[in-house]
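Take a look at the model below. We will walk through its disulfides, its cores and one of its sheets.

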Amino acid sequence: MDVHRVFSSLNLLLLVSRAWSSGDDGWSMNVQSEVRGIDGYPVVLPCTFSHPQHSQHSSLQVQWRLGHGQGATVLYRCISRPGAPTCEPGRLQDQRYRLEGNPREHDLSLRINSATLQDSGRYYCRVEIEGQKHISFEDKMGTRLRVEAPPKILAVSVEGSESSGFRALCQVQGSPLPDIQWLGPDDLLEGSDVGPLAQGSPSRYHTVSQLMDVEPDQQYICSASNPLGREQASLFVLAPRPPAALPVPPPPLLLLLSVALGAKVVLLVGIGVWMVQGGGLQGFSCWRK
C-alpha cells in the first residue's frame, strides 16, 4: 500500500479542523490542527477563509510563517490582484513552497514539495487586504506539521583496542525515533543507547546505539525499525594485525667489512679508468725501450 496515500487518509480521518471567527467583521478561517507528512514527499497545509464581499475587488496578500511572534520565519508570500489568474510570489521565493489554493476562492492552502524532517513545526497562514489599514486576518493557533521518516542507518563502526576491548556503534535517523537491535553470530544481543557523537546533531531524529565487548573475526548486524519500516546493516570485526617488524641493524664488524670492500672497488675502478686513458700504456712502452 502506498505510504503517502495512507498518511493522506489519516490526515482526513483523524485530524480535526478548527474555525476561528472575528465576529462582527465577517472574517473566519479554517485550518487543521495537525498534518502529517513523509520525508521526501509533498505535503499540503489546508487553510480556507471567508471575508466581506467588498474585498473581492481589492488585492490580497497571502503569507505563511513558521513560528509565531518576532522569531517567526516568513516562508511564503504572494499577492493576488483582481482579475489575475494566480497569486504572484516574489522573485526570491523558495520554489519548494507553492500556494495550492486560490485566494479568490478563499483557499490559502500551502504545498511543501519534498518535505524534510527539518520542516516539522507550527505554521500560520495570514491574509491581508492591500490599500486598507487594519484589514487582515490570521489563524492564532496554527497548524502543526509532523514529518515522519522510515529508519535510515547513517554509519556503523568499531572503536577500542585489544587492551580496552572493542565496541560497535550504530548511528540511525528516523521519525518516530527508531528502535535499534543487535544480532550476533548466535543470538539477539543487548545494546545500549548513547548520546550524539558530535555536538549540534539533531537528537530529535538521530539515535546512537553501542554494543560492548564485540569479538574480532565475527559479524554483527544493526537492525533499526519504527512504524514506517526497518533497515539493517552488517558489520564484520577484523582482528588487529601485529605491528610490522623493524629492520635489524647490521653488526659493527660486518659494517666495517662492507666499507673496506667498497673502498677497494672504488680504487680498482679508478685504476682501470686511468689505464684506459693511456697513462699506464705509455709507461710500459718506455720501459721496454
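**Disulfides, cores and a sheet**

The torsion about the S-S bond of cysteine 78 and cysteine 87 is about 95°, so this disulfide is right-handed. A disulfide here is a pair of cysteine sulfur atoms within 2.5 Å. For cysteine 78 and cysteine 87, the sulfur atoms are 2.0 Å apart. Cysteine 78 has 1% relative accessibility, so it counts as buried. Cysteine 87 is buried too, with a relative accessible area of 11%. Buried means under 20% relative accessible area, exposed over 50%, and partly exposed in between (1.4 Å probe, protein chains only).

A word on the source: this is a predicted model, where local features need pLDDT of at least 70, side-chain atom pairs count only at pLDDT 80 or more, and totals for chains, interfaces and linings use all residues. Residues are numbered from 1 along each chain as its sequence is written, and side-chain values use heavy atoms, with hydrogens and water left out.

How many disulfides does the rule give? The count is 3. One joins cysteine 47 to cysteine 125, with an S to S distance of 2.1 Å. Cysteine 47 lies in strand S5 (residues 47-50) and cysteine 125 in strand S11, so the pair ties together parts that are 78 residues apart in sequence. Strands are DSSP runs of E, at least two residues long, numbered from the N terminus. Both cysteine 47 and cysteine 125 are buried.

Another disulfide links cysteine 170 and cysteine 222, at 2.0 Å from S to S. Its torsion about the S-S bond is about -80°, so it is left-handed. Cysteine 170 sits in strand S14 (residues 165-175) and cysteine 222 in strand S19, so parts 52 residues apart in sequence are tied together.

Strand S19 also belongs to a sheet. Four strands form this open sheet, in the order S16-S15-S19-S20, with antiparallel pairing. Strands S16 (188-189) and S20 (229-237) stand at the edges with a single partner strand each, so one side of each has no neighbour in the sheet. Two strands pair if DSSP finds at least two bridges between them. S15 (residues 179-183) and S19 (residues 218-226) pair over 5 bridges. There, isoleucine 180 stands opposite alanine 224 in S19.

Now look inside. A nonpolar core is a set of buried Ala, Val, Leu, Ile, Met, Phe, Trp, Tyr and Cys residues joined through side-chain atoms within 4.5 Å. The largest has 31 residues, and those touching the most other members include Met29, Leu45 and Trp64. Strand S11 (residues 121-129) gives the most to this core, with 4 residues. A second, separate core of 15 residues includes Trp182 and Ala224.
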